[in-house]
Protein chains: 2
Amino acid sequence: MNTTIYDVAREAGVSMATVSRVVNGNPNVKPATRKKVLDAIEGLGYRPNAVARGLASKKTTTVGVIIPDISSVFFAELARGIEDIAMMYKYNIILSNSDQNKDREINLINTLLEKQVDGIVFMGGEITEEHVEQFKHSPVPIVLAATVDENKEVPSVNIDYADAAFDAVEELIEGGHQRIGMVSGSLEDPVNGYKKFSGYKEALNKNNITFEEELVTVGDYSYDSGLRAAQSLMKLENPPTAIFASTDEMALGVIHGLQDDGFSVPDQVNVIGFDNTRLATMVRPTLTTVVQPMYDIGAVSMRLLTKFMNKEEVDESTVVLPHRLEYRQSTNIPEK
Amino acid sequence: MNTTIYDVAREAGVSMATVSRVVNGNPNVKPATRKKVLDAIEGLGYRPNAVARGLASKKTTTVGVIIPDISSVFFAELARGIEDIAMMYKYNIILSNSDQNKDREINLINTLLEKQVDGIVFMGGEITEEHVEQFKHSPVPIVLAATVDENKEVPSVNIDYADAAFDAVEELIEGGHQRIGMVSGSLEDPVNGYKKFSGYKEALNKNNITFEEELVTVGDYSYDSGLRAAQSLMKLENPPTAIFASTDEMALGVIHGLQDDGFSVPDQVNVIGFDNTRLATMVRPTLTTVVQPMYDIGAVSMRLLTKFMNKEEVDESTVVLPHRLEYRQSTNIPEK
DNA sequence: CTGAAAGCGCTAACAA
DNA sequence: TTGTTAGCGCTTTCAG
């Protein structure tokens, strides 16, 4: 049997309400009384029961976090940003992996809601009608982190992926490249696939370079898929002189795929990645990449969620963070 | 106002006890009654309140996980193992970063206990008296994952780090190396520092190689510290012909530090890492490394925890998983 | 197979 | 400044 607020009350010779007050830092308690209670708490080793508190107050001070895969460098960094801010605001986090599986995502939302979380940060891939339906019916606020809702019906924190891809590819073009390969994610994936792909296409378009299907490969975000993609691109009759990969991990694969086949980076082929994960400096040549502030996206989305949970006024519920290109050794284009 | 078990009971024309029974899958309910209840649940969109359930049943089906840093490749992989098994057993996970800060660790344990978690998986560095004291007084089971308690007072899942380091270094010796450098973690760190260091020393000893202080560098687990360590080791009057790093990330730094200074790996210097994170194949030459089954350590520790939570019999509460050496391109010693 | 009723430990009016 | 008293939504005996 654990010690309860009653035990403390008896020990301190006050009512349980008073104990509750001192535990919750209510100022309406005489210092002397407060001390008696504190001593009793100390003496009994009393630890408040957050579940009971949650039931009575209808607040659990915990938020749910749905993440595709915590073992991915990218998402782990995001999660760190989320958790740091959550901790700063005294929230705990229930973390669950979804593997981007829609059914599991929906399920997770429901179990989190059963657990009465005060809010949810959702990271995923495609946001379907069904997702939006769920989100809208949620009794607690939800914000998307690094996840795009095309119709902006759900609060979210992102960078402009298409624009970022556009910038990277245009840099390559201005650096003199005309045949630029792309290693994309699945085009069904709104962020790493579709958005970045359309930025790529747009950059070609604007610069009057005809788009060629054969220069685009679809990978699965893994290092190996980047490696294979590079090798198949270089087997083309007219191979690219630069390759843009939609994630850093694939970009590393691309670099090594090129090197393994005897191509020199950046002398023969320029490579640009996306994300600026820690991987980008752990390769030779080091990787020029689009900087996506992952930690910040996590932190900002959690901060946004706290505002919703406190029913604070928020002026802009879909926030777009800035991006930029980090020039390293895998390209030899002039830095802007 | 959310719909409660009472609403369902009224709607279905039964008592709340019956509703509770069908929600909890209690077989003692007539199929016809069950159907009525299920229909009512469906119709009302009833969602059981896990907090209320937790208060009444004294079980929350959530476990706490204390982790040094979720953005580390190593721990993220462990966390994935933990979460997968937790999910398999219908537990949710409250995840918190400690940065190996002792005060924060103790604090986290307490807030997790306040939240009435059913158990805790703890990952950390040094386990002090105070830690053990906390663990012993915990009302719920705790297991250590990839974290060593010297006195085996607390259940834990690990590999034999000293032995693993010993094996790696001995391989190097058998491969003909006599001057072997080490990039260690802080010697205060029982696992990545002390244990691995003593394995290193032991291997030298057994093979009659005198230990030389100058061949050991202490890093901070970062890529950069590995890079700097390699460069300082190679400035020695009598530099090493092989370097053993206590983590993969530092080993990557070592390889690139060597390459940046014009040394060839493995022709001039062999390099062995530790962990076999995904990084090991994302480098050229690919990294020979000690395989530590991170995912498995996480999975096994969670499994162990479920046994404790179910009050099942466990015969061995400190489990030691096997390790092995994965031969890749950063060494040219013969594979055993 | 079903219902009644007593808590689980705490918060939050409302009184005093 | 402090105490009394309803609940919060559910599980769990105990009866029937």
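How many salt bridges are there between domain 2 of chain A and domain 3 of chain A? The count is 1 salt bridge, where a salt bridge is a side-chain nitrogen of Lys or Arg within 4 Å of a carboxyl oxygen of Asp or Glu. Before going on, note that this is a predicted model, where local features need pLDDT of at least 70, side-chain atom pairs count only at pLDDT 80 or more, and totals for chains, interfaces and linings use all residues. Residues are numbered from 1 along each chain as its sequence is written, chains are lettered from A and ligands numbered from 1 in the order in which they are written, and side-chain values use heavy atoms, leaving out hydrogens and water.

**Domains of chain A**
- Chain A is split into domain 1 (5-48), domain 2 (62-159 + 294-321) and domain 3 (161-291); such bounds come from an automatic or database domain assignment.
- Taken over C-alpha atoms, the centres of domain 2 and domain 3 of chain A lie 29 Å apart.

**Where domain 2 meets domain 3**
- In chain A, 11 residues of domain 2 are in contact with 11 residues of domain 3, contact meaning heavy atoms within 4.5 Å.
- These two domains of chain A bury about 990 Å² between them, 66% of it on carbon and sulfur atoms; buried area is the accessible area (1.4 Å probe) that two parts lose on being put together, summed over both.
- On the domain 2 side, A:V73, A:V148 and A:I159 lose the most area to domain 3 of chain A, together 46% of what that side buries.
- A:K195 and A:E150 form a salt bridge, with their closest N and O atoms 3.5 Å apart.

**Where chain A meets chain B**
- Each chain brings its share to the contact: 52 residues from chain A and 52 residues from chain B.
- Chain A and chain B bury about 4,600 Å² between them, and 54% of that is on carbon and sulfur atoms.
- There are 8 salt bridges between chain A and chain B.
- A:R80 and B:D99 join their side chains in a salt bridge (2.3 Å, N to O).
- α5(A) gives the largest share of the chain A side that touches chain B, 7 residues; helices (H or I, at least four residues) are DSSP runs, numbered from the N terminus.
- That side of chain A has 23 nonpolar, 16 polar and 13 charged residues, with Ala, Val, Leu, Ile, Met, Phe, Trp, Tyr, Cys and Pro counted as nonpolar, Asp, Glu, Lys and Arg as charged, and the others, Gly among them, as polar.

Technical notes:
Helix = DSSP H or I, 4+ residues; strand = E, 2+ residues; numbered from the N terminus.
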